[in-house]
Amino acid sequence: MYTEKVMDHFQNPRNVGEIEDASGVGTVGNAKCGDIMRMYLDIDEDGVIRDCKFKTFGCGAAVATSSMATELVIGKTIQEAMQVTNKAVMEALDGLPPVKVHCSLLAEEAIHAALWDYAQKKGISIEGLEKPKSDIHEDEEQEEEY
C-alpha cells in the first residue's frame, strides 16, 4: 500500500518541530479527513530557504508528505520552492495511494501558506502565489483526477 520512502518518512520524519521567529508560518488543514499541517520557514536576505520545519496532526501519509516537503524546499530560493507541487512531493515519495493524494496537496498548500505569511510580513508579493485556503478539501474534485 505505501512505498518504502513513505514508510521511512513516516517512521523517521525529517525536520519536525518549530522555528522560533520564523520568516513565515503557514497552517492548512482538511476538515474532511482531519489532517492539520503547519510549516515554518527560515528565509535569508537573499530569498533562500535556510531551514524548514513542520508539525502535522494526521495520518502517516500526512506526516510523510510534510517531511518530504521540508526536504524539497530547504536550500531552494522562494521561486524554486513555489515549483514544489503535490505531484513533486508524491514523486519524491515514489507515489501515494489515490485516497492519500490529498496529503500531498496539504504539503504544497502548507509551503504556499508559509510563503504567503513571509510575503505579508515583508510587504512583498511573490509571483504566482495566491492567498492560501484554510481548508483544502475545497479542491477534492481535482484530486480525483490524479
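Student: Which residues is Ser23 in contact with, leaving aside its neighbours within four places in sequence?

Tutor: Contact here means heavy atoms within 4.5 Å, and by that rule Ser23 is in contact with Leu41, Asp42, Ile43, Asp117, Tyr118 and Lys121, once its neighbours within four places in sequence are left aside. This is a predicted model, in which local features need pLDDT of at least 70 and side-chain atom pairs count only at pLDDT 80 or more, while totals for chains, interfaces and linings use all residues. Residues are numbered from 1 along each chain as its sequence is written, and side-chain values use heavy atoms, with hydrogens and water left out.

Student: Why is Ser23 called buried?

Tutor: Buried means under 20% relative accessible area, exposed over 50%, and partly exposed in between (1.4 Å probe, protein chains only). Ser23 has a relative accessible area of 14%, and therefore counts as buried.

Student: What makes the pair of Lys55 and Glu18 a salt bridge?

Tutor: A salt bridge is a side-chain nitrogen of Lys or Arg within 4 Å of a carboxyl oxygen of Asp or Glu. The side chains of Lys55 and Glu18 meet at 2.6 Å, N to O, and the pair is a salt bridge. Because Lys55 lies in strand 3 (residues 49-57) and Glu18 in the loop between helix 1 and strand 1, the pair ties together parts that are 37 residues apart in sequence; helices (H or I, at least four residues) and strands (E, at least two) are DSSP runs, numbered from the N terminus.

Student: Why is Lys55 called partly exposed?

Tutor: The relative accessible area of Lys55 is 40%, so Lys55 is partly exposed. Glu18, with a relative accessible area of 46%, is partly exposed as well.

Student: How do you know that Asp117 forms a salt bridge with Lys121?

Tutor: The closest N and O atoms of Asp117 and Lys121 are 3.2 Å apart, and the two form a salt bridge. Both residues lie in helix 5, four residues apart, about one turn of the helix. An α-helix has 3.6 residues a turn, so residues three or four places apart point the same way.

Student: Why does the distance between the end C-alpha atoms of helix 5 agree with its 22 residues?

Tutor: The expected span of a helix is 1.5 Å times one less than its number of residues. For the 22 residues of helix 5 (residues 101-122) the span should be 32 Å, and the end C-alpha atoms are 32 Å apart, so the two agree.
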